[in-house]
Amino acid sequence: RAPLLQINDLHVEFRTRDGVAKAVNGASFVLNPGETLAILGESGCGKSVTAQAVMGILESPPGYITRGEVRYRGVDLLKLPERQRRKVRANKIAMIFQDALSALNPVYSVGFQLAELFRVHRGMSRGDAKNRAIELLDQVRIPGARSRVGDYPHQFSGGMRQRVMIAMALALDPEVLIADEPTTALDVTVQAQIMGLLAELQRERNMGLILITHDMGVVADVADRISVMYAGRVVEEAPVYDIYARPGHPYTRALLESIPRLDLKGQQLSVIHGLPPTLTDIPAGCAFHPRCRYAKDPCRQDPAPPAYSIAPHRTARCHFSREVLGE
Ligand code: SF4
Ligand code: MG
């Protein structure tokens, strides 16, 4: 049986004045129904671009998918005729973003915006569409949904607005929800509430959920598996428990060490020194080598490390994973 979503060897380039920026360099992911996959990495590692390529919202020009597959239930969307491809994306795959204000229309009430979706895509009457909108606001736990359905986006707090955006994304019952930094703009308490809500909705609806984040701290409780991206590649993939207990790639390890810990209050956080590479000029060999404390000669030579199998269901693109795992 084909996975719900399968991305194979995806390559995305941006043709810029400074040359070709290789934003995604052979990324692969699998997502099954009812599963939560977290995609982790610093900004500029290719997470958002991957999501945009899947959703068909990549800005082109300057962005181009140059190779790879985006399979939805076995069918490669990139090979489908435009109309069918758009239909799958509109009905089956939904996305939410960091900034709910830019995703919502400021001049219409949230109830109107939700109801429009049901009227246009489901052919519902005005009254039915409004009732369905209230139901949905209720499902995303907006208190007093019936009395708030006529409110405008700016009348909601940041966290409540994020819930409205989630309601919009879920309106047409997608099978896949992609959330790109959904809580980054929110304070810590609200972050946890939104993550909890996403996890609950995912379970209730048996959706596949992709959580994109730079913060390893926010996905520990909700993800099943983690894929860590660096310079457009998946450098480590593992079940969530394994990766937090024992990271297998030096980059994952560095990300973990940079999570603020309450029990170490006042101690200095270890931050990853140096910057991610410029995508027009990715280092030879392992792209992480200029920042890696385990780097040795073979790391600086092409080809880049392959995805070594380091344990059941685990891969890491590092020549020295054994050392990192502490074996
Ligand atoms: Fe570090 Fe070498 Fe592993 Fe790359 S391959 S992460 S440079 S040890
Ligand atoms: Mg991003």
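D9 has its place in strand β1 of this predicted model. Although D9 is not a glycine, its phi is positive, at about 50°. D9 counts as exposed because 12 C-beta neighbours lie inside 10 Å, and a residue with 12 or fewer falls into that class.

A positive phi also occurs at R73, again a residue other than glycine, where the value is near 45°. R73 belongs to the loop between β4 and β5 (75–76). Its 14 C-beta neighbours inside 10 Å are the reason why R73 counts as partly exposed.

Is R15 buried or partly exposed? R15 is partly exposed, because it has 13 C-beta neighbours inside 10 Å. Leaving aside residues up to four places away in sequence, R15 touches V20, P61, P62 and Y64. For R15 and P61, 46 residues apart along the chain, the C-alpha atoms are separated by 7.7 Å.

P61 lies in the loop between α1 (47–55) and β4 (63–72), while P303 is found in the loop between α11 and β11.

Strands of a sheet pair through backbone hydrogen bonds, in either the parallel or the antiparallel sense. Here, eight strands form an open sheet with mixed pairing, in the order β6-β7-β8-β3-β9-β10-β12-β11. At the edges are β6 (93–96) and β11 (308–311), each of which pairs on one side only. From one strand to the next, the twist averages 25°.

Within this sheet, β10 (residues 233–239) and β12 (residues 314–316) pair in the antiparallel sense over two bridges. E236 has A316 in β12 as its bridge partner.

Two helices lie across strands of the sheet. Helix α11 (residues 250–257) lies across β3 (36–40), β9 (225–230) and β10, and runs at about 105° to β9.

**Annotation and ligand**

An unreviewed UniProt entry gives the annotation "domain: ABC transporter" for residues 5–256. Over residues 5–256 the chain is 41% helix and 28% strand, with the end C-alpha atoms 27 Å apart.

Which residues come nearest to ligand 1? Of the 13 residues around ligand 1, they are C286, C292, Y294, C299 and C318. The shell comprises ten nonpolar residues, three polar and no charged.

Methods: Residues numbered from 1 in each chain as written. Chains lettered and ligands numbered in written order. Predicted model: local features only at pLDDT ≥ 70, side-chain atom pairs only at ≥ 80, totals over all residues. Pairing = 2+ DSSP bridges. Helix = DSSP H or I, 4+ residues; strand = E, 2+ residues; numbered from the N terminus. Axes fitted to C-alpha atoms, helices over the stretch in contact; angles between N-to-C directions. Contact = placed C-beta atoms within 7 Å. UniProt positions renumbered as here; feature names shortened; annotations may be inferred. Buried ≥ 20, exposed ≤ 12 C-beta atoms within 10 Å, placed from the backbone. Near = placed C-beta within 6 Å. Nonpolar A, V, L, I, M, F, W, Y, C, P; charged D, E, K, R; others polar.
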